[in-house]
Amino acid sequence: MKTSALAILFLATSIICSARAQTHPENRIKKVEYGLMPYVPVEGLPEWTIAARMKVHKIPGVSIAVIDNYRIDFAKSYGFSDTLQKIPATNKTIYSAGSVSKLVTAIIVMRLVDEGVLDLDTDVNQYLTTWKLEPSSYTQGNAITLRMLLSHTAGTSQSSYWGFRQGQAPLPSVRQILDGDPVSGTRRVVVNSEPGKEFRYSGGGYMIIQMVLMDVLRTDFETIARHYVFKPLKMDSSTFEQPLAKRYLRRLSTGYSEAPWFTPGVYVYPQQAAAGLHTTATDLALLIIEMEKSLAGTSSYLKADTIKQMLSPQITISSGQYTEEMGLGAFLFRRSDTKGDRVAYFEHIGVNAGFVAIATGSLAGGRGAVILLNSGDDFNGFGKELARSIASAYEWPGFLPDRLFPAQLTEEQLKEYCGRYRKGPNEVVEIRMRDGYFTERINGGKEILCFPTGNDAIVFTDYNIKGVFLRSSSGSISALRTEYQNDDQAWLLMPDGEYTAREYIAAGNYLQAENAIISDKLSENELTYWSYELLNSKKPDPEAISAILKSALALYPESPIVYFRLGDLSLLKGNKAEARAHYEKACRLDPQGQECSAKLKATE
């Protein structure tokens, strides 16, 4: 009778606990949906909602999967996978994951290390059979290893890769990509800096890894990934197939971007190991969980020593309020004032045409999140706000900065700091007052919240950097600097009537813009990219572009890229003969220029 009573009590308790378990996720979901915040949590600042911030950041759709205690606690999608056809984003929606591909590639390598097939510190040329990494002055006495390639310390070239439009033919092979064949649109992958000396992000290095895997296992990369990752982890909606098969295309989200180079449509990434992964949020969460379980010793997917090696620092990338380090295929970060695995995290972010992916896990506790967006313009915006909301709702230790308590200043005090500050020759930081705090805009871009922390002191909440206002001998505000700058590096307060070339162009004062460009000696790179942005804008202004390029030519008369942009301008005006003359001049200045053949063909 006692046993029966205990059994009944146990059953009742189990039912109650089960009911609590069912209700708790809903509470956490609500906290996530209503808890978005800037980089720094600010006391008194109302938190934002997912819906509101999607509108602000122009995010058509997003899918998320939240990991808690080594399992997916919830997965949910918001908005549309296709805005034109009004197709909702769902948990089955497939996204392009960009450089998160590198994390999957690293996992494959570590599985093969476990099997004894690969060694992290062996010269990769010993594994390569169909292609070889060319020797250079930098490789003498320095063997390039998988450890170096995985941690971006090999000194290899080609930081990132552009995709190809669906249907564009022919697509380059892996060897053609590594060789820099003209069909690849990129240069040959080489070692062009000292190996092991510094972190230098290299998608080209991961293409070497892909070639190693294909040469050693003698099969294609998709087959390798399916065998070592997708099949054992039941990631049934993930693939490296390029181009995508129809079964995946039916669920693929449309990608969106306002970048000047972006053309709507499906993009293909034959650079699979570097950028070719397509997946769902829940699939990618399964990978993060298995990494965490392997680290905790509760999964045999990877040996404990292997995953520990993967998630151990190989080199420091940056240090400040947070320390960022590079592991083997994963970025590692923690607050610099903390120690231990409990407050340490790993992450990889991917950006492809029209897409952003964020995959985060913890070194202890089984926490994490996957956030997939169908907007390629959101590298540090909505996705990061959503990640902070998840971290807050699930109380991730050491993830968020300390809460900021703003100083209460009078309206007159606040007004004193408002104005335009010259950050660079063609860059203006504008500080405005709003509701007892400030907003910052750089060259008229998105507003960033700033809060006073005392007299002559503010905090920029996009990166939690302190700002200091400087005063002249008369006591008036004269400049603004960050905590990492000296007074002589401060951004001077611009008087009325002083403008940058960018401001003159925006106002239609082209002659003044030309004079400002010349007098400020703007760089070749800035001028050519600025003109490129305007050439590819929705309503290009030939007169504005002409003013920029006229000045660029005066400053850099032997620049092939200036002549390429002049040719683009001529095409915009419909003058093919003039465009061809500019392109031919560019090709004479740089016979190896990869734009030459395509540009000349456009004038035929």
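pLDDT is the predictor's confidence in each residue, on a scale from 0 to 100. The protein chain here averages a pLDDT of 92, and 96% of the residues score at least 70. Residues 1-23 are another matter: their pLDDT is below 50, and this stretch has zero contacts in the model beyond near neighbours in sequence, where contact means heavy atoms within 4.5 Å.

This is a predicted model, in which local features need pLDDT of at least 70 and side-chain atom pairs count only at pLDDT 80 or more, while totals for chains, interfaces and linings use all residues. Residues are numbered from 1 along each chain as its sequence is written, and side-chain values use heavy atoms, leaving out hydrogens and water.

Let's start with the strands. Helices (H or I, at least four residues) and strands (E, at least two) are DSSP runs, numbered from the N terminus. Two strands pair if DSSP finds at least two bridges between them. Strands of a sheet pair through backbone hydrogen bonds, either parallel or antiparallel.

Inside the order, β1 (residues 61-68) pairs with β13 over six antiparallel bridges, and A65 has V370 in β13 as its bridge partner.

**The barrel**

Eight strands form a closed barrel, β14-β15-β16-β17-β18-β19-β20-β21, again with antiparallel pairing. Neighbouring strands of this sheet are turned by 30° against each other on average, direction ignored.

| Strand pair | Bridges | Residues facing each other |
|---|---|---|
| β17 (448-454) and β18 (457-460) | four | P452 and I458 |
| β19 (465-471) and β20 | five | L470 and A479 |
| β20 and β21 (491-493) | two | L480 and W491 |

β19 and β20 form a hairpin with five residues between them, and G475 in the turn has a positive phi of about 95°.

**The cores**

A nonpolar core is a set of buried Ala, Val, Leu, Ile, Met, Phe, Trp, Tyr and Cys residues joined through side-chain atoms within 4.5 Å. The largest one has 77 residues, and V229 and M310 have the most contacts inside it. Helix α3 (residues 100-114) supplies the largest share, nine residues. A second, separate core of 41 residues includes I64, Y345, A393 and W396.

**A serine in a loop**

Is S375 buried or exposed? S375 counts as buried because its relative accessibility is 3%. This serine sits in the loop between β13 (368-373) and α12 (382-393). Leaving aside neighbours within four places in sequence, S375 is in contact with several residues, including K58, Y256 and F355. A polar atom of the S375 side chain also lies 3.3 Å from the backbone nitrogen of D377.

Key: Axes are lines fitted to C-alpha atoms, for helices over the stretch in contact, and angles run from 0 to 180 degrees between N-to-C directions. Buried means under 20% relative accessible area, exposed over 50%, partly exposed in between (1.4 Å probe, protein chains only). A polar contact is a pair of N or O atoms within 3.5 Å; within protein, one must be able to donate a hydrogen and the other to accept it, and residues adjacent in sequence count only if both atoms are side-chain atoms.
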